Amino acid sequence: MDTIIQQLFNAAQLGAVYALIALGYSMVYGIIRLINFAHGDIFMLGGFIGLLLTTRLGWLPFWVLMPLAMLLTALVGVAVERVAYRRLRNAQRMSVVITTLGVGIFLENLVRLTVGPETRQIPARLPSGPVVWLQQHLGAFVTWDKLWIILISLALMAVLWLVVNRTLIGTAMRAVADNKDAVPLMGVNLNLVIAVTFAIGSALAAAGGIFYGQAYSIDPYMGIDLGWKAFIAAVIGGIGSIEGAVLGSFLLAGVEVVTVAYLSSNLKNGIAFGLLILLLLVWPWGIMGRPTLKKV
Amino acid sequence: MNLRVLVLLPILVLAGCKPKVQELKIGVSAPTTGSISATGQSAKNAIALVQDEINAGGGVQVGDKQVKVRFILEDDEDKPESTATVFQKLINQDKVLAIVGSYTSKCSNAGAPIAEAAGIPVVSPWSTNPNVTKGRKFIFRACFIDPFQGRVVAQFATNKLKAKTGAVVYDVASDYNKGIAEVFRDEFTKMGGKIVGFETYNTKDTDFSAQLTKIKGSNPDVIFLPNYFNEVPLQIQQARKLGLTAVMLGGDGWDNPELVKLGGKVMDGTYFSNHYSPDIDNPIAKTFIAKYKSRFGIVPDAAAALTYDSANLILRATATAGKADSKAIRDALAATVGFQGVTGTITYGGGGDPVKGAVVIKVEDGKFVFDSAVNP
């Protein structure tokens, strides 16, 4: 039996989670040129908020739980920006980057001390039976939760695209990305635009965390490795670009899965990242990235 | 030269040399935080039990007097680099006589050279990788080693489960997992089985679906997962979600209550080799299990039982040596014959590896049930 279709679904699920994280990196970078290294830990926190809500308020339907967890994580993201990053907005680049790392370590230890260091799983709330149609017609054993995770993630990305390209706040975000200093002169509240960006990025990361906790597992330190992978995906796609972050994520997940399936699981990271370095040599700004011209 | 220095120096030197045995200090290096902190907790519990037991009786008889024992437990976080620091601290700062630890083989392999160089005897409760004691005089262990364990599982798969094809998924970055995976592959092949998949991943990976889907293509009878209890349930869950129906097998790294807490129903019908089973008929084990249960409210896992045995091995060797001296304790340890422990009888035949049997445990309704015993 050929397993290639099944492998494609594996890659799509992993890629969807990478994309939900990568979008936050890319949006924040696009708007204030900040690489927010605490973003991987926001993703982790989203997973744990999802876990707490599912275990404490288990009677709520998933369609309420998930937006609620996303909302709470968004508030944390906004709070982090307000408390830790805003006053450093005009400080040296290095100070802010160090602060983001510090916030990340703080969040990891906060969760470790309050919830504990053990690996956990979010109780499955999505149906987990196999999709019979796929099994009969394509010979691929795919469970409904996997399909749902992929579909909901894609839907969230579509909503994001609409928000950024078809709404007033989205226009403001694009304007800030274009020229942060000119936008306030037009009467746009810069702090609000930045706060909304952090809120959206954190909410998407929380969705990723919840999916990850159901499909795989969560622990307080998972944000480090996955954060790096998502960051790399964002860079490959062209950091600052929404389409690029999504493309880069699915590409990274695809390369990882294909390497394991057809080459060697031993060399997974070596081959995957080797290929991505080659890709960056060809497109130094990422696939969809725009070269930034430095004005002298 | 200053007169005061001339007078003080000999006094200080003499004071430093004078052997004052007020308490015996024994170090413990265990992962009380980190991904397998549940094992560290078992170690901590068992050590507390040993310390209270021995001190309630006045301590260890060393020569002509009784000396109280103090265990100094340090967290090695299940990281090799932290284990090296812990061993250095215990030896140089705390001046311990001997060390119990560490737990995973990768950590023991990091700590052992330090203790070996300092001449401090070590008994590792749970490190089954052969390299831990190889070529070392001061390093012992209370458990069997992986070549034996791998053979036990391969035999079980071939004889009892009548498996013809098998696959392995293991953490290539960890000494224990890698060692036992290779032994299983070789033994299973020798017994006439066929290995149809030999896949790896890296510590902290959480997505195993690509490896498992690849294995699914060859549909093996059994899948051997020689990994730790914090990962195994997720691997099995992902395997079932991908439609794999093989019987899942494992090693002693599975043995922790977290296994069924995390895995739930998905763990039922799986088997793993272990050091002991709480169902075993052994009076020492029964007393230990009863005490442990009444104090901590849970049934001790193998890590707890082996910690208890390791600490008692050191205490007995100290009494036999008759003096609080690391070298003498090492010699007494090496001469241990017929030590009756919770996990069986321990005799060191020259090296630091005991000759011991193993048990195979089946997971049924979320409980660990004794299936069969295998002797070397």
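Colleague: What makes β10(B) and strand β11 (residues 271-274) of chain B a pair?

Modeller: Two strands pair if DSSP finds at least two bridges between them. For β10(B) and β11(B) there are 2 bridges, and the two strands run parallel, so they count as paired. B:L249 stands opposite B:Y271 in β11(B). The model is predicted: local features need pLDDT of at least 70, and side-chain atom pairs count only at pLDDT 80 or more, whereas totals for chains, interfaces and linings use all residues. Residues are numbered from 1 along each chain as its sequence is written, with chains lettered from A and ligands numbered from 1 in the order in which they are written.

Colleague: Why is the crossover from β10(B) to β11(B) called right-handed?

Modeller: The term applies if, with the strands pointing away from the viewer, the path from the first strand over the helix to the second runs clockwise. The chain passes from β10(B) through α9(B) to β11(B), and this β-α-β crossover is right-handed.

Colleague: How do you know that strand β9 (residues 222-224) of chain B and strand β10 (residues 247-250) of chain B pair?

Modeller: They share 3 bridges in the parallel sense, and at least two are required. Within β10(B), B:M248 is the bridge partner of B:I223. The chain crosses from β9(B) to β10(B) through α8(B), again as a right-handed β-α-β crossover.

Colleague: Why is α2(B) called mostly covered?

Modeller: A residue is buried if 20 or more other C-beta atoms lie within 10 Å of its own, exposed if 12 or fewer, and partly exposed in between, with C-beta atoms placed from the backbone. In α2(B), 14 of the 20 residues are buried.

Colleague: How does the span of helix α2 (residues 37-56) of chain B compare with the expected value?

Modeller: The expected span is 1.5 Å times one less than the number of residues. The 20 residues of α2(B) reach 28 Å from first C-alpha to last, close to the expected 28 Å. Just after α2(B), B:G58 takes a positive phi of about 100°.

Colleague: What makes a residue part of the contact between chain B and chain A?

Modeller: Two residues are in contact if their C-beta atoms, placed from the backbone, lie within 7 Å. The contact takes 26 residues from chain B and 24 residues from chain A. Elements of chain B that each supply at least two residues include α2 and β8 (194-201), while α7(B) gives the most, with 6 residues.

How values were computed
Helix = DSSP H or I, 4+ residues; strand = E, 2+ residues; numbered from the N terminus.
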